[in-house]
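Trainee: I would like to learn how to read a ligand site in a model. Please take me through one.

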Amino acid sequence: METVVSGIRPTGRLHLGNYFGAMKNFLQMQETHNCFFFIADYHSLTTHPNPGDLRASVRKVLSEYLACGLDPDKCTLYVQSDLPETAELYLLLNMHAYAGELERSTTFKEKIRKQPDNINAGLLTYPVLMASDILIHRADKVPVGKDQEQHLEMTRTFGNRFNRMYREGFFPEPVAFNFGKKLVKVPGLDGSGKMGKSEGAGNAIFLSEDDASVKKKVMRAVTDAGPEKPNQEKPEVIENLFTLLKLVSTEETVKHFDDKYNDCSIRYGDMKKQLAEDMIRFIRPLSEQIRDTAADIKHIDRVIDLGREKARESAGKTMQEVRSLLGFRP
Ligand code: ADP
Ligand code: TRP
């Protein structure tokens with residue numbers, strides 16, 4: 001059976017981008033694959049959150065995983081920092097990762113721009129840690145959104161390099177995976193390309209968001225002055241709204257507004273009202289489930305303990321072989 005690994009950083013609540021880019025695939029894959037899903041809390045240190053928040057965020061994100069339908073009996077749910085094996089593999093892989101290739105990563109360049117006062121070494125080696133997360137379970141598939149493609153490419157580079165140096169075929173070549181073939185990119189509401197928790201305040205719709213707040217954000221979404229001639233191409237901000245509509249509305253609804261755009265009779269206010277309504281219908285059951293799940297901290301902690309045990313068993317096997325291949329004592 002193929003092995004699957006994926007993680008989400010606990011730097012906030014899950015949003016629709018995380019859901020459609022990652023979680024939706026997690027849910028299908030847990031039925032048919034050997035899955036490891038984790039909370040990437042080491043990774044969140046690259047942006048320095050405070051320790052009190054981190055603990056609470058890890059529990060919160062885990063309760064969101066559970067509320068979405070991830071089942072600890074079907075997959076392994078764990079916290080990244082519960083696996084010292086990952087940290088050890090990261091150390092070893094760092095010796096074979098070159099500064100030049102890490103500096104070329106687009107996410108690193110973006111972070112330099114975003115946090116010029118905190119360009120720490122963890123940011124530079126972020127892809128090495130991510131590669132360790134994946135290679136530690138010798139994964140074949142990695143369900144992620146489009147923004148993670150380059151990190152996956154680097155993971156293959158590090159894995160292949162290790163194989164060439166120590167043992168051909170030791171690490172499989174992990175590929176980004178999406179059931180719908182193409183990797184998903186969910187746009188944000190503020191006209192910026194991508195929905196993300198570190199973007200502006202009105203950009204992301206969270207799974208735990210209440211109805212009024214969803215409505216407010218959607219009604220404020222950026223639009224333009226409207227089409228001037230029939231069947232004209234949609235500018236990016238409008239295309240983005242249609243992309244969101246396609247995720248949560250019926251085909252008829254999408255067609256209705258598409259036709260109206262094409263004959264120039266569209267009123268963006270009406271479209272946003274419909275989008276808000278359909279998003280609320282989609283999110284409400286999830287947000288209710290999240291509230292219930294998050295209340296049972298004991299259960300969450302039991303899931304975390306069980307996950308650590310299962311994940312360490314898999315990671316321990318890999319590390320024993322890695323140590324021996326490198327000439328360290330097992
Ligand atoms: P964020 O971008 O909000 O910080 P993460 O980087 O923690 O979220 O992303 C966790 C997972 O969710 C990754 O697999 C990522 O590809 C996916 N993801 C995040 N935002 C989007 C988006 N807007 N569209 C598609 N997938 C996304
Ligand atoms: N870098 C990913 C993100 O920002 C999170 C992540 C860390 C991850 N390690 C991973 C995703 C391993 C998949 C597999 O979204």
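Trainee: Which residues come nearest to ligand 2?

Mentor: A residue is near a molecule if one of its heavy atoms lies within 4 Å of it. Of the 13 residues around ligand 2, the nearest are Arg9, Tyr126, Met130, Asp133 and Gln148. This is a predicted model: local features need pLDDT of at least 70 and side-chain atom pairs pLDDT 80 or more, while totals for chains, interfaces and linings use all residues. Residues are numbered from 1 along each chain as written, chains are lettered from A and ligands numbered from 1 in written order, and side-chain values use heavy atoms, without hydrogens and water.

Trainee: Which polar side-chain atoms lie by a nitrogen atom of ligand 2?

Mentor: A polar contact here is a pair of N or O atoms within 3.5 Å. Asp133 has a polar side-chain atom 2.7 Å from a nitrogen atom of ligand 2, and for Gln148 the distance to a nitrogen atom is 3.0 Å. Arg9 instead places a polar side-chain atom 3.2 Å from an oxygen atom of the ligand.

Trainee: How much of ligand 2 does the protein bury?

Mentor: Accessible areas come from the Shrake-Rupley method with a 1.4 Å probe. Alone, ligand 2 exposes 370 Å², and the protein buries 91% of that.

Trainee: What does Lys194 form a salt bridge with?

Mentor: A salt bridge is a side-chain nitrogen of Lys or Arg within 4 Å of a carboxyl oxygen of Asp or Glu. Lys194 pairs with Asp147, with the closest N and O atoms 3.0 Å apart. Lys194 lies in the loop between β5 and α10 and Asp147 in the loop between β4 and α9, so the pair ties together parts 47 residues apart in sequence. Helices (H or I, at least four residues) and strands (E, at least two) are DSSP runs, numbered from the N terminus.

Notes:
A polar contact is a pair of N or O atoms within 3.5 Å; within protein, one must be able to donate a hydrogen and the other to accept it, and residues adjacent in sequence count only if both atoms are side-chain atoms.
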